[in-house]
Amino acid sequence: MRLIVGIYLLSLAIQHPGVVYGQDKRCEFGVSLPLFAKYPFGSHEDVFNAKLGVIGISAALRVAGADEQSMSLLQVISFQTDDIRYALSSNSRLGIQFYSLEINPNILMPSKWPNLHYVVGMGALISMGNVVSISSADNTIGVDVVDIGHQLDQVRRVASPFVTIGALYSYQNHIKIQACLQQSFLSFNDPESTFTYTNNHVTRTVIAAYQPLYAGVRFYYFF
């Protein structure tokens, strides 16, 4: 909870640049499209991920430093969806569309190249719910997707903190491209959490822990 409050307070500071900087600093507002691949680092072997499973749309606010060699702040708030898949059998998958609100304050540090900044940030993914579905060619699989959705709602964390590192390239005044790595500190679900289903009339259990490493790009357009 303290981490979430700290992120919120930092977000307010960024959105009110007079608190952090002088009144002569420039602000840019924009939109962003995040696109991430992921590796289920810290997740159980039952988790299978789509290669490009995370998409969304973001609002961005950049507060520039006093000059090109000063640090800047970049606040990103996103609504995104993560495509998660669990293996139920050799030819059956349980699919979960996990929806979240991302709050991601970043510090932009200048490099020796004027169009490139290094990015370091810390934020949190706030759970907004999930939609459960199944794809299976096995008639012996018995899954109550509504019940599994309820099971996952009971074990999912309200918020999962993460750290971001990467680089931001200014293609032109309005367009910027950010390459980044984003690692969650905690599993989205309790590490010991599970959900159950039936296979050949036998009740089976899947470990639902999920703590991915995200790697991808964000495309920004600033007005």
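Is Cys27 buried, partly exposed or exposed? Cys27 is partly exposed, because its relative accessible area is 31%; buried means under 20% relative accessible area, exposed over 50%, and partly exposed in between, with a 1.4 Å probe and protein chains only. Cys180, by contrast, is buried, with a relative accessible area of 5%. A disulfide is a pair of cysteine sulfur atoms within 2.5 Å, and by this rule the count comes to 0 disulfides.

The model is predicted: local features need pLDDT of at least 70, side-chain atom pairs count only at pLDDT 80 or more, and totals for chains, interfaces and linings use all residues. Residues are numbered from 1 along each chain as its sequence is written, and side-chain values use heavy atoms, with hydrogens and water left out.

**Overall fold**

The protein contains 3 helices and 11 strands. Helices (H or I, at least four residues) and strands (E, at least two) are DSSP runs, numbered from the N terminus. Read from the N terminus, the order of elements is α-α-β-β-β-β-β-β-α-β-β-β-β-β. The protein has 223 residues, of which 46% count as buried. Contact means heavy atoms within 4.5 Å. Of the contacts with a separation of 6 or more, 69% are between residues 24 or more positions apart.

**Residues in strands and loops**

Ser70 is buried, with a relative accessible area of 18%. Leaving aside neighbours within four places in sequence, Ser70 is in contact with Gly65, Leu108 and Pro110.

Val63 lies in strand 2 and counts as buried, at 1% relative accessibility. Ala59 is found in strand 2 as well, but Ala59 is partly exposed, with a relative accessible area of 44%. Apart from neighbours within four places in sequence, Ala59 is in contact with Gly30, Gln75, Val76 and Ile77.

In the loop between strand 4 and strand 5 lies Lys112, which counts as exposed at 70% relative accessibility. Strand 10 (residues 202-207) includes Thr205, a residue that counts as partly exposed at 48% relative accessibility. Not counting residues up to four places away in sequence, Thr205 touches Thr194, Phe195 and Thr196.

The table gives the spacing of four residue pairs.

| Pair | Separation along the chain | C-alpha to C-alpha distance |
|---|---|---|
| Val63 and Leu74 | 11 residues | 6.4 Å |
| Lys112 and Gln69 | 43 residues | 8.8 Å |
| Ala59 and Val31 | 28 residues | 4.7 Å |
| Thr205 and Thr194 | 11 residues | 6.4 Å |

**Helix 3**

Which residues of helix 3 (residues 145-155) are buried? They are Ile148, Gly149, Gln151 and Leu152. Seen down the axis of helix 3, these buried residues fall within an arc of 160 degrees, so they line one face of the helix; the arc is that of the directions from the helix axis to the C-beta atoms. The face turned away from the buried side of helix 3 carries the exposed residues Val146 and Gln154. The cover over the buried residues of helix 3 includes strand 4 (92-110), strand 5 (116-136) and strand 9 (194-199).

**The largest pocket**

Rolling a probe the size of a water molecule over the atoms shows where empty space is left. On a 1 Å grid over the protein atoms alone, a pocket is an open set of points where a 1.4 Å probe fits, with protein on both sides within 12 Å along at least five of seven lines, and lining residues have an atom within 4 Å of a point. Grid points are joined across faces, edges and corners, and a volume is the space filled by probe spheres set on the points.

The largest pocket holds about 320 Å³ of space. It is lined by 18 residues, and those closest to its centre are Arg26, Arg62, Pro114, Ser170 and Lys176. By class, the lining of the largest pocket has 4 nonpolar, 8 polar and 6 charged residues. Ala, Val, Leu, Ile, Met, Phe, Trp, Tyr, Cys and Pro count as nonpolar, Asp, Glu, Lys and Arg as charged, and the others, Gly among them, as polar.
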